[in-house]
Number of protein chains: 2
Amino acid sequence: MTIYTAPIRDMRFIMEELCGLDEIASLPGLEEATPDVVGAVLEEAAKVAGEVLAPINQQGDVQGSVWSDGKVTTPDGWKDAYATFIAGGWNGAVNEPEWGGMGLPWLVNAAVQEMIHSANMAFALCPMLTQGAIEAITLNGSEELKQRFLPKMVSGEWTGTMNLTEPQAGSDLSAVRSRAERADGHYLISGQKIFITYGDHDLTDNIIHLVLARCPDAPPGVKGISLFVVPKFILDDNGAPGELNDVQCVSIEHKLGIHGSPTAVLSFGDKGGAVGYLVGEENRGLEYMFVMMNLERLVVGIQGLGISERAYQQAVSYARERVQGQPVGTKGERLPIIHHPNIRRKLLAMRAEIEAMRAVAFAAARASDLYDRHPDAAVQAFNKARLELLTPIVKGWCTERSVELTSIGVQVHGGMGYIEETGASQHFRDARITPIYEGTTAIQANDLVGRKIIRDKGQTVRALLDEMRGLESALASNRDDQASAAALSAALMAGIADASSVVDWLLDAAGRDQRLPLVAANYVLLLFGTLIGGHEMARAALAAGRRLAAGEGDPAFLTAKITTARYYAEHVMPRIAGFTRAIIDGSATVLALDTELL
Amino acid sequence: MTIYTAPIRDMRFIMEELCGLDEIASLPGLEEATPDVVGAVLEEAAKVAGEVLAPINQQGDVQGSVWSDGKVTTPDGWKDAYATFIAGGWNGAVNEPEWGGMGLPWLVNAAVQEMIHSANMAFALCPMLTQGAIEAITLNGSEELKQRFLPKMVSGEWTGTMNLTEPQAGSDLSAVRSRAERADGHYLISGQKIFITYGDHDLTDNIIHLVLARCPDAPPGVKGISLFVVPKFILDDNGAPGELNDVQCVSIEHKLGIHGSPTAVLSFGDKGGAVGYLVGEENRGLEYMFVMMNLERLVVGIQGLGISERAYQQAVSYARERVQGQPVGTKGERLPIIHHPNIRRKLLAMRAEIEAMRAVAFAAARASDLYDRHPDAAVQAFNKARLELLTPIVKGWCTERSVELTSIGVQVHGGMGYIEETGASQHFRDARITPIYEGTTAIQANDLVGRKIIRDKGQTVRALLDEMRGLESALASNRDDQASAAALSAALMAGIADASSVVDWLLDAAGRDQRLPLVAANYVLLLFGTLIGGHEMARAALAAGRRLAAGEGDPAFLTAKITTARYYAEHVMPRIAGFTRAIIDGSATVLALDTELL
């Protein structure tokens, strides 16, 4: 069993110094998020994560959720952990108090989500999917649907699922074939759905499926798909789970990781049709789903961050304990491997990227709060655009990096990293799903390049680049650590210039051959993630410098922030030039090779 | 079950156009490797790989080798496959005919090794370790040891193991504690060894363990370790397996991948001491082991190449079959995903790096043949130094890249890549061990930087850089595809200049702080792998251009070589600048952060 300790101090530093927690907490409806309340929430969430969820993580992996005779049993201890989790109100951390939620700012919820995904990613998927279903009903459901389902879903008494994928409809949902026949006051749903996270389980006495399906006379393609609420047990007149609906869990998948999370194949309508209730209007299902999915994508990005942090903690802990060799530069003693220069670099590499990922993810959460709550419509609009820009970046970049960072975590353990009992490889296996589900990195990248950059002719992204350029003068006037400030400034300004040429190239290339931006899209996403991360790291270094100069805070902690930012500037930011060259010089070459020759 | 087809045409192109197969085949002792013989060998090896080993790869993963009551049972079908494998003579492909080997050039053996590791990496580890044991006995064993053990080991009737690691002695073998007491004509060995690949199995009727242990009066540290041959069954007077030796397989490990390969914990001497025979002289065991280990390292590098090729073939095959979405630039039909620009880029990314890895690995094999066989001592010495330089690069770079390339293979499959039945994730799991065993990447990198670059003040590596610079004029005079030639030349010359500054920096930094080169070492290794790979790709493009101009060969195949090389120059080579900046600007920063703050 490996330990997880929530990095509250690092989280608070970002929330307070970079994300203006004060400002967020003073938004209408969030006034209760005082510093004391936020502090207490983080401490309590850390306890649940560290004491309830983390200890059952490895056993959950070994045992896995098991399907038998149409029913799924979760690993030992998960039912109790779930009961504790919902008793603390964590299931509805971000939901409106009207429905029983805590009403936390997204900024604070981002930290809570990071903790629970660090602690036990396979477990945390269950409330994550419930949250998606809650969003879908909240945003578009009728008042009746809300009244019947939301209170129990917000409390966590019932969980939710998202039924999108079918064997022939993965990234391309236009190919959905499940059917919905109109009936008396409801619809009858039939079809097969795959990859349904927590599609069946034994944690609660009902499961509320959100299902995409087509009405008989619906137009083909994306504009003929509707969204339905299909409870596992149909509610009786008292709103309690009654008769079993016509939906069966046919099997669950044998996956590389997240073994505790049952990934179900669900069959709807084998006995004539499952009772379903339309959400919103017919044929607008995909539109509703995408609104909801943006929040899920943000959380999956945070999941990439969380699993990386967990792998980092485990690697540091092993490196402090494992004695091997006599590190160069020491007095010839056998010492723990953390004293070997290459291990130091590896751990700092993990730490620096994790801090950057956290800062960008939290910045997106901040934008979400400002968009949701700020009284000024212009501020709302600005933050809506910012959130839409950051969402695919957080999802794609944090998850892609999590595969690499958890791999470094394995490597730090040497041979022991490859032995499953150690636990390092679980994080590596778990992380590998994150760039795939809720839209692959390519889907995120196409969204970023097509909808967020090219569609508005680069306006939103150029505003962000201008904002980042503003840091140059602050860095230039930093007198406390000029070498670090110069390194940060040079890396940041070079990165901004490269990003700017990439935006120019995208707009031009799109006019020449629509395929070119799509060849380049993954790089563009990684470039912007790396760059925005670097901007946040430079801001962190400046904030730490200010506090040091003012004689506030823990000097060691603050100095480490500056060193970590400098590491990021020197080791991570140079990747931007590589992406830029590949994009501008190399995109056409990809299309030059006939696919037959691959 | 996924299919493997050996890429014989690509292999031959490298052997013939880049590695001078003619020249190698004319070396003393290799005259029988005529083009016809090599062709037949490759075809036969491809059959064994594709028809015997590949089909049992996935089942081997699912079932795994199983330990019960002190004995290991390999997966269904492995015993038969092993019998077929050794009946074909493949176990001794590279060994001297004197001992029953095929006596193939290493250059040809490199291709054979790639095939069997592509087909079934967990299986191929068994002959790989046997080969290591054969080398150790061949190079340093007495005539008597050779006569007793080599014929059966070369034929594969008996397998071999390497017993190095102990719980406290992993990367640092100076900490080995196993003991060897002198007895009458032999030694009595006791101690516990871990991570022993094929330490027990049911494929053969004897297993010949090579074991590191200390004699009672041996000096401490690396200079007090001796090497012993410890057969599982002591040979009787007829040289047949007789009495069971005092060695037990206590358990096998539960690993992330290579499930078919049993990784044993072996206990020697529980009943008084296992009978062992000294190899060479006392206290020189580590020295002997490292000579042998260099060849193993080369093969592990080829393993990284092989598993990447397998993942690539599977990804291409899936991408041709899986229909999803309407690719941009097509007529709005639903088409296989290979037509999506981002999938084309991913597949080309895999292909280009695999071709570069293959060319560098085969170049090392060529150097091995020239070192072993060339009549001119100066040519031998040059190739010895070249082989020593390339070995850690092939091992470290090909294996590190295999983790990334097999990960791309998973990603191409989307959600199906995460489902174990698909097989893509097995390659990802299998690949993950390769940067760890036979010396982690950090061990390779330290060897490269310390022994191969700094020790001779950069002489060997500078000779290689000069040789690479020689390609500039050839590229400049290429008139057939000037755009490609210019791209290749620019990338190569920039890379050489960066590498040259890195060598200068290493020599200088080593004088200032010995830890600095070790901070930078992994980057230096990846930089040289990337650069030497780029040089080979540029040579391949020139060779393809020459054949095209001469109207020889398949134009599509040759044009693809040029496009792939250009992709590599534009997409892969820019990483070199990033490594260079991190090394030169950022190494000191790593040491600036106190380990307590990690």
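A nonpolar core is a set of buried Ala, Val, Leu, Ile, Met, Phe, Trp, Tyr and Cys residues joined through side-chain atoms within 4.5 Å. Buried means under 20% relative accessible area, with a 1.4 Å probe and protein chains only.

The model is predicted: local features need pLDDT of at least 70, side-chain atom pairs count only at pLDDT 80 or more, and totals for chains, interfaces and linings use all residues. Residues are numbered from 1 along each chain as its sequence is written, chains are lettered from A, and side-chain values use heavy atoms, without hydrogens or water.

**Exercise 1. Find the residues with the most contacts inside the largest nonpolar core.**

Step 1. The largest core has 395 residues.
Step 2. A:Leu347, A:Phe528 and B:Phe528 have the most contacts inside it.
Step 3. Take A:Phe528 and skip its neighbours within four places in sequence. Its contacts (heavy atoms within 4.5 Å) are A:Ile393, A:Ile453, A:Val461, A:Leu465, A:Ala499, A:Val503 and A:Gly533.

**Exercise 2. Work out how chain A is related to chain B.**

Step 1. Superpose by least squares on the C-alpha atoms of residues with pLDDT of at least 70 in both copies.

**Exercise 3. Describe helix α8 of chain A.**

Step 1. Helices are DSSP runs (H or I, at least four residues), and strands are runs of E of at least two, numbered from the N terminus.
Step 2. α8(A) covers residues 143-155 and reaches 18 Å from first C-alpha to last, close to the 18 Å expected. The expected span is 1.5 Å times one less than the number of residues.
Step 3. α8(A) bends by about 40° at A:Phe149, and A:Pro151 follows within four residues. The bend is the angle between axes fitted to the seven residues ending there and the seven starting there.
Step 4. Its buried residues include A:Phe149 and A:Leu150. Among the elements covering them are α7 and β3 of chain A.
Step 5. A:Gly156 follows the helix, with a positive phi near 90°.

**Exercise 4. Locate the kink in α19(A) and its cover.**

Step 1. The kink is about 60°, centred on A:Gly586.
Step 2. A:Gly586 is one of the buried residues.
Step 3. The cover of the buried residues includes α16, α17 and α18 of chain A, together with α10 and α18 of chain B.

Terms used. Buried < 20%, exposed > 50% of the residue type's maximum accessible area, 1.4 Å probe, protein only.
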